[in-house]
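Okay, everyone, thanks for coming. Let me put the structure up, and then I'll walk you through a few spots in it.

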Amino acid sequence: MSSTGELRHTALDALHRSLGATMTDFAGWDMPLRYGSERDEHNAVRTKAGLFDLSHMGEITVTGPEAAQLLNHALVGNIASVGVGRARYTMICQADGGILDDLIVYRLAGTDAASSEYLVVANASNAQVVLDALTERAAGFDAEVRDDRDAYALLAVQGPESPGILKSLTDADLDGLKYYAGLPGTVAGVPALIARTGYTGEDGFELFVKPEHAVELWQALTKAGEGVGLVPCGLSCRDTLRLEAGMPLYGHELSTSLTPFDAGLGRVVKFEKEGDFVGREALQEAASRAAENPPRVLVGLVAEGRRVPRAGYPVVAGGEVIGEVTSGAPSPTLGKPIAMAYVDAAHSAPGTAGVGVDIRGSHEPYEVVALPFYKRQK
C-alpha cells in the first residue's frame, strides 16, 4: 500500500474495470480477482490459454562489477553461475535461516563483470522487505540495487496455446527459449523481456514491459488469442492453478518461521558456492537437523468428501494433531477439494491411512498424495 494508505493501481486498472473484473486488495494493490467464472478461467489455462496482469510483482535491478558477488552473498542460491538469458528460482533468508521471500532472478546482461545486470522478481507482499534487505546487504560491494517496481508492467500468457499466440506477435526465437530463460524482444511492436516462466503448471510466458505499453500489449494478446480460447484471468484461478501444480505461496507454504529445509526446498541452498552468504551457518544447522530428525513434510491431501479445507485447519490421525493445512481449494481439474499441508514425517507417505482434516470440529477423511496434484503432458 502507498504511504497514504491508498491502494496502488497497475497500468491496466481501467481495462480490468471495463472488462467487469471483480477487484480485490492484494498486498496493497487493487487487483482483478476474477472476470467471470473462476472455474472457467482455470480450465481455460489448463486447456487453451489465459492472460494475467502480474504488475504487482516487485522488480529490483542489480547492476555493477560485483553484482553477482552481492547476489551470492545476499541470496541462498549460486547466482554467479547463472548464464546470460537464464533465470533461477531462489530464496532470500534471514540470518537465522527463516525465509524472507522466494524469488526468480534473471541474468539480463553481462558477458563480463563490469556490465552485469540482474533482475530480481519478488512477491508483491515482500517487495519492500526484499529491496531493503538487498540494499543493506550491498554494503561493501561495487554494485547498485535499484527499485524498479514502477519501471515495469508484467503480463503473463499461460496455457498450451500460449506459444502459438505469442509467435503470431513476435519474431523472437520462442522455440529456442527454454523454461526458466528470458530474452529481449519485441511483442506486437512493444519492447519486452520475454521470459518462459509462470506459476500455473502450464507452458507460458511472462512479459516485462514499460507500464505505458501495457494496455496495447494486453489488447494485442487478446486479439491474437481470440480464435484459440484465450480469456483474461484473475488472481483467484492463479491460486488454484499453482495449488494443483504444487507450487508454494509465500505466507502459506513459506514464511520466516521456516527454513528452506523445513519447506522441503533445501535444494535451492548452495553451500558449495564461493564466499559467505547470509544465513549460511543457521542453514547448515537446519540441514543437519533435517537429516537426523526429519521435519514435517509438505504433502498433498485429496478430499474423499466435498468439504474444502482452508489454511490453518489441523490435520489429524488417530485422534492426534499431526500437521496443518497451508493452502486448500476446490480443484477444477480433479473435481474434488485439495490441500497442501505440513504433516509429521511418519504420516507423509502417499497412501497413508487414517488421515483427516479437522473442519470445524468434524474430522473429514483425506488421502495423502505426492505433490504435485497435476502435471502437464509435455
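Let's start with Ala188: at 29% relative accessibility, Ala188 counts as partly exposed. On the terms, buried means under 20% relative accessible area, exposed means over 50%, and partly exposed is in between, with a 1.4 Å probe and protein chains only. Ala188 sits in the loop between β11 and β12. Those labels are DSSP runs numbered from the N terminus: helices are H or I with at least four residues, strands are E with at least two. And what about the phi of Ala188? That phi is positive, about 55 degrees, although Ala188 is not a glycine.

Before going on, a word on where this comes from. This is a predicted model, so to speak of a local feature we need pLDDT of at least 70, and side-chain atom pairs count only at pLDDT 80 or more, while totals for chains, interfaces and linings use all residues. Residues are numbered from 1 along each chain as its sequence is written, and side-chain values use heavy atoms, with hydrogens and water left out.

Back to the backbone. Most residues other than glycine have a negative phi, and most peptide bonds are trans. Tyr180 also has a positive phi, near 65 degrees. You'll find Tyr180 in the loop between α5 and β11 (182–187). Is Tyr180 buried or exposed? Tyr180 counts as buried, because its relative accessibility is 16%. Then there's the peptide bond from Leu371 to Pro372, which is cis, with omega near 0 degrees. Pro372 is in the segment after β20 (362–369).

Thr170 is in the loop between α5 and β11 as well. Thr170 is buried, at 11% relative accessible area. What does its side chain reach? It reaches the backbone nitrogen of Ala172 at 3.0 Å, and the backbone oxygen of Thr186 at 2.8 Å. If we leave aside neighbours within four places in sequence, Thr170 is in contact (heavy atoms within 4.5 Å) with Thr186, Val187 and Ile194.

Ile60 belongs to strand β5, residues 58–63, where six of six residues are buried. Gly58, Ile60 and Val62 are on one side, Glu59, Thr61 and Thr63 are on the other, and all are buried. For partners, two strands pair if DSSP finds at least two bridges between them. β5 pairs with β8 (residues 117–122) in the antiparallel sense over six bridges, and Val62 stands opposite Tyr118. Four bridges join β5 to β9 (residues 144–147), also antiparallel, and there Ile60 stands opposite Asp147.

Last stop: an unreviewed UniProt entry annotates residues 296–375 as "domain: Aminomethyltransferase C-terminal". UniProt positions are in the numbering used here, feature names are shortened, and annotations may be inferred rather than shown by experiment. That span is 0% helix and 55% strand, and its end C-alpha atoms lie 24 Å apart.

How values were computed:
Polar contact = N/O pair within 3.5 Å; in protein donor to acceptor, adjacent residues only side chain to side chain.
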